[in-house]
Amino acid sequence: MTPDALKTPDGPACAAALEVAAAYCSPALLNHCLRSYVWAAAYGTEQGIEFDPELLYVGAMFHDIALVPEFDNHTLGFDDASGHVAWVFAAGAGWPVERRRRLVEVVLSHMLPVVDVVADPEGHLLERSTSLDISGRYTDDFSASFKAEVLRPHPRLGIAEEFLACFRDQAERKPASSPAASLRDGIAGRILGNALDRLG
């Protein structure tokens, strides 16, 4: 597996996105965002999927940002609210409107059951990587040695319990949200049974 997937893409937008995520996310949630990019970039590279590293990285940094209290929305689910935060960030970074819209699409895509790789390669990769990191889907995408390599600099730090608590809180306050639907679909058991937690 390519070591380049472990590197942050160059550019001021990626550096600023990491700075914002680090300022607001817990250590466990920040590591989840970082791992989500690595899984996505590594899988995309391995499968020959053409993707925009900057767009994917910024999407990974912001896809869960509205789970933190400062960006929580009283009515919108966290995925929709995270998309709005990402749009504002991208506007501040000077991205054109169409690229901001693409970023929102990528953020929203991570909660979909499946994303068309041709129509939205970054969204496809982020959906796949976040599903792996949170609920343990697609665990066969990577070797045990590569998974251990990713977990060394970005350990789990109790993300399963923290994330599940966030989902339960979202579901209780927003019963029409995607976390509520995911909990009804049995995601709690998959989160707590994620094999990655046995690696680190």
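These legends describe close-up views of a predicted model.

Local features need pLDDT of at least 70 and side-chain atom pairs count only at pLDDT 80 or more, while totals for chains, interfaces and linings use all residues. Residues are numbered from 1 along each chain as its sequence is written, and side-chain values use heavy atoms, with hydrogens and water left out.

View A. The structure holds 1 cavity of 30 Å³ or more. A cavity is a set of points, on a 1 Å grid over the protein atoms alone, where a 1.4 Å probe fits but cannot get out; lining residues have an atom within 4 Å of a point. The largest cavity has about 30 Å³ of space. Volume here is the space filled by probe spheres set on the points, which are joined across faces, edges and corners. Its lining is made of Trp 39, Ala 40, Tyr 43, Leu 125, Arg 128, Ser 129, Leu 132, Asp 141 and Phe 142. Two or more of these residues come from each of helix H2 (27–47) and helix H6 (121–135). Helices are DSSP runs (H or I, at least four residues), numbered from the N terminus. H6 gives the most, with 4 residues. By class, the lining has 6 nonpolar, 1 polar and 2 charged residues. Ala, Val, Leu, Ile, Met, Phe, Trp, Tyr, Cys and Pro count as nonpolar, Asp, Glu, Lys and Arg as charged, and the others, Gly among them, as polar.

**View B. Helix H8 and its buried side.** H8 (residues 159–173) has 15 residues and reaches 21 Å from first C-alpha to last, close to the expected 21 Å. The expected span is 1.5 Å times one less than the number of residues. Buried in H8 are Ile 159, Ala 160, Phe 163, Leu 164, Phe 167, Gln 170 and Ala 171. These residues cover an arc of only 125° around the axis, so they sit on the same side of H8. The arc is taken from the directions from the helix axis to the C-beta atoms. Glu 161 and Glu 172, on the other side, are exposed. Buried means under 20% relative accessible area, exposed over 50% (1.4 Å probe, protein chains only). The buried residues of H8 pack against H2, helix H4 (78–92), H6, helix H9 (178–184) and helix H10 (187–192). Contact means heavy atoms within 4.5 Å.

**View C. Ser 131 in helix H6.** Ser 131 lies in H6. Ser 131 is buried, at 10% relative accessible area. Leaving aside residues up to four places away in sequence, Ser 131 touches Gly 136, Arg 137 and Tyr 138.

**View D. Glu 70 in a loop.** Glu 70 lies between helix H3 (53–62) and H4. Glu 70 is exposed, with a relative accessible area of 52%.

Notes
On a 1 Å grid over the protein atoms alone, a cavity is a set of points where a 1.4 Å probe fits but cannot get out, and a pocket is an open set with protein on both sides within 12 Å along at least five of seven lines; lining residues have an atom within 4 Å of a point.
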